Amino acid sequence: MQVLSKIEKDPKLVYHIGLTPAKLPDLVENNPLIAIEVLLKLMSSNQITEYFSVLVNMEMSLHSMEVVNRLTTAVDLPKEFIHLYISNCISSCETIKDKYMQNRLVRLVKHWSFVVVCPR
């Protein structure tokens, strides 16, 4: 991917691409790999808490779970952020009407949260 290689070559590029916290959900849903790299490069930014806030409050999806999962394996995320994100995932599961899908997502969230909270 050209974008990823450009970000790797010039980490400061993430400050000039026009990404704002409000645009993060679209990036996460449309290109989670780039979202991960951008967030990793923004870790030392004074805006990272705003990005975390958006990430924790966006609608739960497989892509958002993947982004959070990859971030947890790459850097030490604030415990409060992880707990809030897991809480959001649980709340999302509670609102699903289709019992089959709800069951499936509950199992996924259970497994995922165990991996995130209790890493090897």
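Where is Pro 21 found?

Pro 21 sits in the loop that runs between helix H1 (2–9) and helix H2. The model described here is a predicted one. The relative accessible area of Pro 21 is 12%, and the cut-off for a buried residue is under 20%, so Pro 21 counts as buried.

Leaving aside residues up to four places away in sequence, Pro 21 touches Gln 47, Glu 50, Tyr 51 and Val 54. Phe 52 is 31 residues from Pro 21 along the chain, and the C-alpha atoms of the two are separated by 8.5 Å.

## Overall build

The secondary structure of the protein consists of seven helices and zero strands. Read from the N terminus, the order of elements is α-α-α-α-α-α-α.

The protein has a radius of gyration of 15 Å. A compact globule of 120 residues would have a value near 14 Å, so the two figures agree. Along the principal axes, the C-alpha atoms fill a box of roughly 45 × 30 × 25 Å.

Of the 120 residues in the protein, 40% are buried. Among contacts with a separation of 6 or more, 70% are between residues 24 or more positions apart.

The accessible surface of the protein is about 7800 Å², and carbon and sulfur atoms account for 55% of that surface.

## Helix H5

Helix H5 covers residues 62–74, which is 13 residues.

Which residues of H5 are buried? They are Ser 64, Met 65, Val 67, Val 68, Asn 69, Leu 71 and Thr 72. The cover over these buried residues includes helix H2 (24–30), helix H3 (32–41), helix H4 (48–57), helix H6 (79–94) and helix H7 (99–117).

## Phe 81 in helix H6

Phe 81 lies in helix H6. Its relative accessible area is 5%, which means that Phe 81 is buried.

Which residues does Phe 81 touch, not counting those up to four places away in sequence? They are Phe 52, Leu 55, Val 56 and Val 68. Val 68 is also one of the buried residues of H5. Phe 81 and Thr 49 are 32 residues apart along the chain, with 9.2 Å between their C-alpha atoms.

## Ser 113 in helix H7

Ser 113 is part of helix H7. Is Ser 113 buried or exposed? Ser 113 is buried, because its relative accessible area is 15% and the cut-off is under 20%.

Ser 113 and Lys 41 are 72 residues apart in sequence. In space, the C-alpha atoms of Ser 113 and Lys 41 are 24 Å apart.

Terms used: Residues are numbered from 1 along each chain as its sequence is written. This is a predicted model: local features need pLDDT of at least 70, side-chain atom pairs count only at pLDDT 80 or more; totals for chains, interfaces and linings use all residues. Side-chain values use heavy atoms; hydrogens and water are left out. Helices (H or I, at least four residues) and strands (E, at least two) are DSSP runs, numbered from the N terminus. The radius of gyration is taken over C-alpha atoms; the globule rule is 2.2 Å times the number of residues to the power 0.38. Buried means under 20% relative accessible area, exposed over 50%, partly exposed in between (1.4 Å probe, protein chains only). Contact means heavy atoms within 4.5 Å. Accessible areas come from the Shrake-Rupley method with a 1.4 Å probe; for residues, only the protein chains shown count as cover. The expected span of a helix is 1.5 Å times one less than its number of residues.
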